[in-house]
Amino acid sequence: MGNTNRRDFLLLMAGGAGAVAFSSLAGCDRKVTQTSVDSIKPSFLSFKPIKSPIPLETDGLKVEQQQENYRNYEVVDDLVLPPGFEYHVIAAWGDKVGDSRFGYNNDYLSFVSTADNEGYLSINFEYISALPWMQTYQQVIGKSLPFEQVRAELEKDSSGKSEKNAYALSDNDPIKVKITDISAEALLDQGIGVISVRKASNGKWERTNSPADRRITGISGLKDNRYLQATGPGVAVFRKKQGLGYIDKLSDRIIGSFANCAGGTTPWGTVLSAEENFQAQVPEPVYADGTSFDPGTRPFVLKEKSISGQGNVFGLAGNKYGWIVELDPANPKDYGTKHTWLGRFRHEAVGVRVVPGKPIAFYSGCDRRGGHIYKFVSKDKVSNPTDKVNSQLLSQGMLYAAKFNPDGTGRWIPLRTDTAVDPDLPSNIVGNLIRLPKGLPDEAGEGTPQQNLFPIPERVKGGDFPVKDDKAIASYKQKFKTLDDLYIGNPEEKQGAILIDAHYAANAAGATCTARPEDTEIASNGDLYITFTSGSPDEEGGPDARIFKGPQGETPYEYGWIVQLTEDKQEPAADTFSWQILATGGEPNKGGNGFANPDNLLLDSQANVWMVTDISTGKLNNAVKSRTSDKGKDISYSGVFGNNTIWYIPTSGEQQGKAFLFGIGPMECEVTGPCFSPNEDTMFAAIQHPGEANGIRKNKASEAREYAVYTTTGEEFIQTRQVPIGSNWPDRNINALPKPAVVAITTMRTS
């Protein structure tokens with residue numbers, strides 16, 4: 001920060017009533033809902049926090065004012081920003097990109113500069129929100145799909161699941177043809193996009209439509225030979241011609257990328273895209289040799305508000321999805337490489353750490369309940385951080401999973417064949433459940449003779465099984481001593497199978513079960529910031545109760561945490577680390593920071609944290625009419641937090657760890673992928689799935705709901721909140737179609 005900026009910073013801290021000092025961001029163009037502007041012109045060094053649906057410690061109101069100011073609240077179907085800021089839309093679903101189109105549910109954004117105020121914006125497209133996608137598809141795309149015919153046919157299913165194994169049908173079967181059409185379009189709207197952009201003289205960002213603009217979709221390679229490539233030990237499994245499970249006969253060629261959530265950007269100008277909830281489209285379980293379950297185990301499903309199994313009709317092999325994809329946006333012939341040393345699991349993001357003379361360290365989390373934090377360390381060291389040859393370092397190294405200790409220390413467990421089997425006990429996990437790889441049959445000569453303490457399903461059937469009893473862990477450890485005992489094949493194939501089955505291998509090795517890890521971001525000093533979105537359990541598992549507790553020791557705790565992890569001696573390849581909580585979600589009167597379910601992170605040049613939230617659509621603005629008993633009931637109160645939001649959290653100084661509200665998203669959406677321009681005068685952001693629950697907002701429909709709300713000191717009062725039903729964003733005209741879109745946020749221009 002220069003001298004002038006530092007002086008302004010100090011003046012704002014001393015005299016800017018209600019203003020917050022911070023580092024820069026980046027831009028857009030629409031009318032701002034809140035229009036009052038203080039005498040100090042806003043910049044990305046200062047902003048006046050906007051009004052939250054609930055009282056916050058940082059809103060500047062005295063306790064006696066809070067009930068009066070928050071007794072009524074109106075939710076707005078728009079991107080609400082502080083006074084003096086505006087946004088404009090750069091691209092939206094259906095816009096032309098190369099020889100394809102801008103996809104659906106835009107998520108992670110990466111800006112790679114090519115000149116001043118010019119560069120490539122790479123975008124992830126995560127999934128299809130069934131209701132608004134089907135409701136608006138014909139008007140946006142300009143053609144129809146047989147949704148109603150297929151739904152009617154699937155509803156004849158006697159099981160009531162409205163599903164069909166289309167892969168098993170003959171190619172000329174009429175229902176298979178229709179399912180193929182729908183699945184192809186749904187997968188086309190997922191994947192990765194590259195668009196070239198520049199900042200025009202009027203301050204707005206615009207597309208320049210360069211030859212590099214292109215799409216990598218969920219079906220790239222199916223008919224156009226634009227296959228994705230792969231590196232690392234997983235390739236040995238992909239190349240198998242025979243195995244225990246399904247093999248797609250494509251060898252190491254891969255059709256498409258989908259479920260692309262968050263990601264990362266390398267110093268050498270490539271983009272890393274994280275495949276997350278791939279299990280909704282293809283089978284996740286694998287056999288002991290790393291081969292996939294049959295496509296029929298993830299049939300196609302189509303209902304009014306859900307669509308899944310899109311990979312079924314194409315016979316996609318499940319073991320080829322759930323990876324990190326690297327892409328060079330500047331190379332129009334690059335359609336992506338999946339690096340298997342980075343592991344296969346439900347990747348949410350990639351934290352990139354590159355230090356000259358050191359190995360590369362890449363961090364990622366598995367976004368599931370009970371998921372782990374992982375670190376890949378390259379075998380070789382970095383010479384020049386900006387040299388694109390560094391991509392080759394991702395093809396050799398080791399994947400580790402994190403073991404967090406309650407005392408604030410931790411260690412990294414290598415996921416290799418000689419690693420000991422030592423799972424956590426179910427009694428230490430919220431929900432008392434951990435899932436482990438099924439055991440190999442004794443007659444196959446794998447493992448030691450089984451002790452009759454607890455029955456272990458044979459791994460010849462593939463997949464995993466739930467363990468709810470601590471005694472089963474003792475039995476498991478007696479039967480299997482190392483990860484080598486759980487996987488089969490030659491050494492490279494075994495290592496590949498472990499990486500393909502990374503989540504369950506990490507469970508077996510004793511990695512800490514955590515609270516839905518989402519983003520992983522590296523600060524300039526090497527510290528890792530991690531968002532843990534939710535501490536609630538489900539049938540997948542739950543977090544370690546000794547680690548993931550609420551401010552008052554509550555478990556389960558729904559509202560999440562931001563954790564700071566520091567490697568021992570700041571070494572990228574360190575075996576040990578320390579950790580601490582930076583901020584905790586939840587209501588202020590109970591010790592929370594006022595947000596719920598932290599998701600994507602962004603670090604500015606001063607290492608301050610910008611964060612967006614991920615309250616699930618089904619909980620947004622749900623009425624909370626009373627608080628009859630708060631104990632153990634936090635999950636039911638998510639509705640008080642309103643829409644999903646953007647926050648600023650200082651990481652040093654007097655305001656360290658406090659959360660200031662910068663933005664509120666439109667109805668039923670997530671704000672995702674915040675990304676700065678290089679000079680931090682623009683924040684790019686993705687508005688994902690507006691109208692996901694109710695689709696088009698019709699005739700400005702809204703309803704009044706009641707909420708039992710607390711002041712920051714715990715006094716309860718009733719708030720009446722006006723809540724729109726559905727969305728008309730981004731056009732915002734009456735009955736306009738809701739569409740995912742990418743925006744740029746800037747300060748308002750005065751001329």
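A residue is classed as buried at under 20% relative accessible area, as exposed at over 50%, and as partly exposed in between, with a 1.4 Å probe and protein chains only. By this criterion Cys675, with a relative accessible area of 9%, is buried. The structure is a predicted model, in which local features need pLDDT of at least 70 and side-chain atom pairs count only at pLDDT 80 or more, while totals for chains, interfaces and linings use all residues. Residues are numbered from 1 along each chain as its sequence is written, and side-chain values use heavy atoms, with hydrogens and water left out.

Cysteine pairing was examined next. A disulfide is taken as a pair of cysteine sulfur atoms within 2.5 Å, and the count by this rule is 0. Cys366 has its closest cysteine sulfur in Cys513, at 10 Å, which is too far for a bond. Cys366 is also buried, at 0% relative accessibility.

Nonpolar cores were defined as sets of buried Ala, Val, Leu, Ile, Met, Phe, Trp, Tyr and Cys residues joined through side-chain atoms within 4.5 Å. In soluble globular proteins, nonpolar side chains tend to be buried together. The largest core comprises 103 residues, of which Phe362, Tyr374, Phe404, Leu415, Tyr476, Phe532 and Ile649 touch the most other members. Strand β23 (residues 397-404) supplies the largest share of this core, 6 residues; helices (H or I, at least four residues) and strands (E, at least two) are DSSP runs numbered from the N terminus. A second, separate core of 53 residues includes Val140, Leu187, Val194 and Trp323. For contacts (heavy atoms within 4.5 Å), and not counting residues up to four places away in sequence, the partners of Tyr476 include Val421, Pro437, Phe465 and Ala508.

Thr270 lies in the loop between β14 (260-265) and β15 (271-275) and is buried, with a relative accessible area of 4%. Polar contacts are pairs of N or O atoms within 3.5 Å; within protein, one must be able to donate a hydrogen and the other to accept it, and residues adjacent in sequence count only if both atoms are side-chain atoms. The Thr270 side chain makes such contacts with the side chains of Thr266, at 2.8 Å, and Glu326, at 2.7 Å.

Lys303, in strand β16 (residues 300-303), is partly exposed at 35% relative accessibility. Although Lys303 and Phe147 are 156 residues apart in sequence, their C-alpha atoms are 9.1 Å apart in space. Lys303 touches Met134, Arg151, Lys161 and Ser162, not counting residues up to four places away in sequence.
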